[in-house]
Amino acid sequence: NSKIRVFTVKRNLQSYPVDTLNEKWEEASPESINNFSAAGYYFGAKVHEITGLPVGLISSNYGGSPVEAWISRDILTKDYAKEHKLPSSEKDFLKPKPHYTPSVLFNGMISPILGYGIRGAIWYQGESNVSDCALYEKTFPAMVADWRSRWGIGNFPFYYCQIAPYARAFFPEMRDVQRRCMNLIPNSGMACLLDIGEEICIHPSHKKISGERL
């Protein structure tokens, strides 16, 4: 589909913000979307179907990552220094899950695209923060506010998925926190995925439903 273009930000963990990327835009094809966000692609395809307009999709994601990895050093240092230790170099990355280190994904995967012309953002995350839902209720809205401030285009739409349950964990407290966040994040919306969870997989395969609900 030449009317849908995709851009994938490669995984990049950094101690401090960077501002360059080497990736490129591609037309949507079986090859270019093979490793792209499935929920993101179906979201974009639905937007194109409804509007008839060309759609550009930037995918910046790292599976199994916590929200604090996507928050800037400035916000964490200012408001959450007690809860999160910031790295000064790679030797400070958390082991065996370096992508759990605060700010490293913001530094390497959000900072380089700040200021790029966007219309909004979609977000599918939450499982990695179920151990402290009360803190997530503060850090998730703080992340959105920080991103919007840095983009400088106002309160752009921010839509997110309420995490789906699976047999080993139902996540009711986290889903309730996500529901409450709609009242804490201006111009936000939440796609409910309560009915598409799977018994043995924390990542349900119904990505088309997820994308179209977004």
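The model is predicted. Helix H5 spans residues 172–181 and has buried residues that line one face of the helix. Ten salt bridges are counted in total. The second largest pocket has a volume of about 180 Å³.

**Helix H5**

- Met-174, Arg-175, Val-177, Gln-178 and Cys-181 are the buried residues of H5.
- Viewed down the axis of H5, these buried residues fall within an arc of 155°, so they line one face of the helix.
- Pro-172 and Glu-173 are exposed, on the other side of H5.

- Asp-176 and Arg-179 form a salt bridge, with the closest N and O atoms 2.7 Å apart.
- The two residues are three apart in helix H5, so about one helical turn separates Asp-176 and Arg-179.
- Asp-176 has a relative accessible area of 28%, so Asp-176 is partly exposed.
- Arg-179 is partly exposed as well, with a relative accessible area of 39%.
- Through shared partners, salt bridges join Glu-137, Asp-176, Arg-179 and Arg-180 into one network.

**Other salt bridges**

- Glu-27 pairs with Arg-5 in a salt bridge, the closest N and O atoms being 3.5 Å apart.
- This pair links distant parts of the chain: Glu-27 sits in strand E2 (residues 26–27) and Arg-5 in strand E1 (residues 4–8), 22 residues apart.
- Glu-27 counts as partly exposed because its relative accessibility is 40%.
- Arg-5 is partly exposed, at a relative accessible area of 37%.
- Lys-91 and Asp-92 also meet through their side chains in a salt bridge, at 3.5 Å from N to O.
- Lys-91 is exposed, with a relative accessible area of 68%.

**His-48**

- His-48 lies in helix H1, which covers residues 38–51.
- Its relative accessibility is 17%, so His-48 counts as buried; the cut-off for buried is under 20%.
- Setting aside neighbours within four places in sequence, His-48 is in contact with Asn-1, Lys-3, Ile-4, Leu-53, Pro-54 and Val-55.

**Second largest pocket**

- The lining of the second largest pocket consists of Phe-7, Thr-8, Lys-10, Glu-23, Lys-24, Glu-26, Glu-31, Ser-32, Asn-35 and Phe-36.
- By class, this lining has five charged, three polar and two nonpolar residues.

Conventions: Residues are numbered from 1 along each chain as its sequence is written. This is a predicted model: local features need pLDDT of at least 70, side-chain atom pairs count only at pLDDT 80 or more; totals for chains, interfaces and linings use all residues. Side-chain values use heavy atoms; hydrogens and water are left out. Buried means under 20% relative accessible area, exposed over 50%, partly exposed in between (1.4 Å probe, protein chains only). Helices (H or I, at least four residues) and strands (E, at least two) are DSSP runs, numbered from the N terminus. The arc is that of the directions from the helix axis to the C-beta atoms. Contact means heavy atoms within 4.5 Å. On a 1 Å grid over the protein atoms alone, a cavity is a set of points where a 1.4 Å probe fits but cannot get out, and a pocket is an open set with protein on both sides within 12 Å along at least five of seven lines; lining residues have an atom within 4 Å of a point. Grid points are joined across faces, edges and corners, and a volume is the space filled by probe spheres set on the points. Ala, Val, Leu, Ile, Met, Phe, Trp, Tyr, Cys and Pro count as nonpolar, Asp, Glu, Lys and Arg as charged, and the others, Gly among them, as polar. A salt bridge is a side-chain nitrogen of Lys or Arg within 4 Å of a carboxyl oxygen of Asp or Glu.
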